[in-house]
Amino acid sequence: MDRIKIRELLNAKMNPKRMEHILGVEYTATALAMCYEVDLEQASLAGLLHDCAKHLSRDEKFAECRRFGITINQFEQRNPELLHAKLGACYAKDIYGVEDEAVLSAIICHTTGKPAMSTLDKIIYIADYIEPNRNKAPKLPMLRKLAFEDLDQCLFIILENTIEFLQGTSLAIDELTLETYEYYRTMLKK
């Protein structure tokens, strides 16, 4: 399915604010892909579809996970908003016809990250955080500049900011996010 048709289908499902965010991530991901010589089509498609299951309610997320045979860990059981990433990859494949494993991987890890992310994975994770419609995260101007200079350092600072933010709330931190943080902290020290 082409991106114009995907945009039309998403626009029918998403509220205007979510759609604006999705388009911002697509735009940012494509710009980063140009900078890091990543396939533009992959970046655009992953950016466009990264939140394609975000509109589902809590109960719908659980039902869809059962339908797709997605294992839900204890953390996701308590924090079902994270399930939109795994479901997004299923929807990308099932509804939008995406077969590209690199695109599906980038969708799956765009919320928690994962150790040893591909360049495309990093681009989608970072684009979701720095896209032009975001304005509340700390250090955004610096991170937007750094994203085009040092992808790994930018990723690490975003992970650090995310963990610091979550530690300051009653929200728990996903184990995969902590593993990702430790992986990049160790990697950047070398």
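## Helix α11 and T180

Leaving aside residues up to four places away in sequence, T180 is in contact (heavy atoms within 4.5 Å) with T112, G113, K114, P115, M117 and L159. T180 belongs to helix α11, residues 175–189, where helices are DSSP runs of H or I of at least four residues and strands are runs of E of at least two, numbered from the N terminus. With a relative accessibility of 0%, T180 counts as buried, a word used here for under 20% relative accessible area, with exposed for over 50% and partly exposed for values in between (1.4 Å probe, protein chains only).

## Basis of the model

The structure is a predicted model, in which local features need pLDDT of at least 70 and side-chain atom pairs count only at pLDDT 80 or more, while totals for chains, interfaces and linings use all residues. Residues are numbered from 1 along each chain as its sequence is written, and side-chain values use heavy atoms, with hydrogens and water left out.

Helix α2 covers residues 16–36, and its 21 residues should span 30 Å at 1.5 Å a residue, which agrees with the 30 Å between its end C-alpha atoms; the expected span is 1.5 Å times one less than the number of residues. P16 lies in this helix and, at 69% relative accessibility, counts as exposed. The C-alpha atoms of P16 and A33, which are 17 residues apart in sequence, are separated by 25 Å. At the start of α2, a side-chain oxygen of N15 comes to within 3.1 Å of the backbone nitrogen of K17. This is a polar contact, meaning a pair of N or O atoms within 3.5 Å, of which, within protein, one must be able to donate a hydrogen and the other to accept it, and for which residues adjacent in sequence count only if both atoms are side-chain atoms.

The buried residues of α2 are M19, H21, I22, G24, V25, E26, T28, A29, T30, L32 and A33. Their cover includes α1 (3–13), α3 (40–49), α8 (119–130) and α9 (140–147).

## The annotated HD domain

UniProt, in an unreviewed entry, lists residues 18–133 as "domain: HD"; the positions are given in the numbering used here, the feature name is shortened, and such annotations may be inferred rather than shown by experiment. Over residues 18–133 the chain is 66% helix and 0% strand, with the end C-alpha atoms 10 Å apart.

G88 lies in helix α6, residues 83–94, and is buried, with a relative accessible area of 0%. Not counting residues up to four places away in sequence, G88 touches C52, A53 and I107. G88 and A46 are 42 residues apart in sequence, and their C-alpha atoms are 9.9 Å apart in space.

Two loop residues other than glycine take a positive phi. E37, in the loop between α2 and α3, has a phi near 55° and counts as exposed at 75% relative accessibility. K139, in the loop between α8 and α9, has a positive phi of about 60° although it is not a glycine, and at 43% relative accessibility K139 counts as partly exposed.

L56 lies in the loop between α3 and α4 (58–68) and, at 10% relative accessibility, counts as buried. Leaving aside neighbours within four places in sequence, L56 is in contact with K61, E64, L87 and Y91. The C-alpha atoms of L56 and E81 are separated by 9.1 Å, although these residues are 25 residues apart along the chain.

## The largest pocket

The largest pocket has a volume of about 1300 Å³. A pocket here is an open set of points on a 1 Å grid over the protein atoms alone, where a 1.4 Å probe fits, with protein on both sides within 12 Å along at least five of seven lines; lining residues have an atom within 4 Å of a point. Grid points are joined across faces, edges and corners, and the volume is the space filled by probe spheres set on the points.

The lining is made up of 34 residues, of which K54, D128, Y129, R134 and F165 lie nearest the centre of the pocket. Helices α2, α8 and α10 (151–167) each supply at least two residues of this lining.
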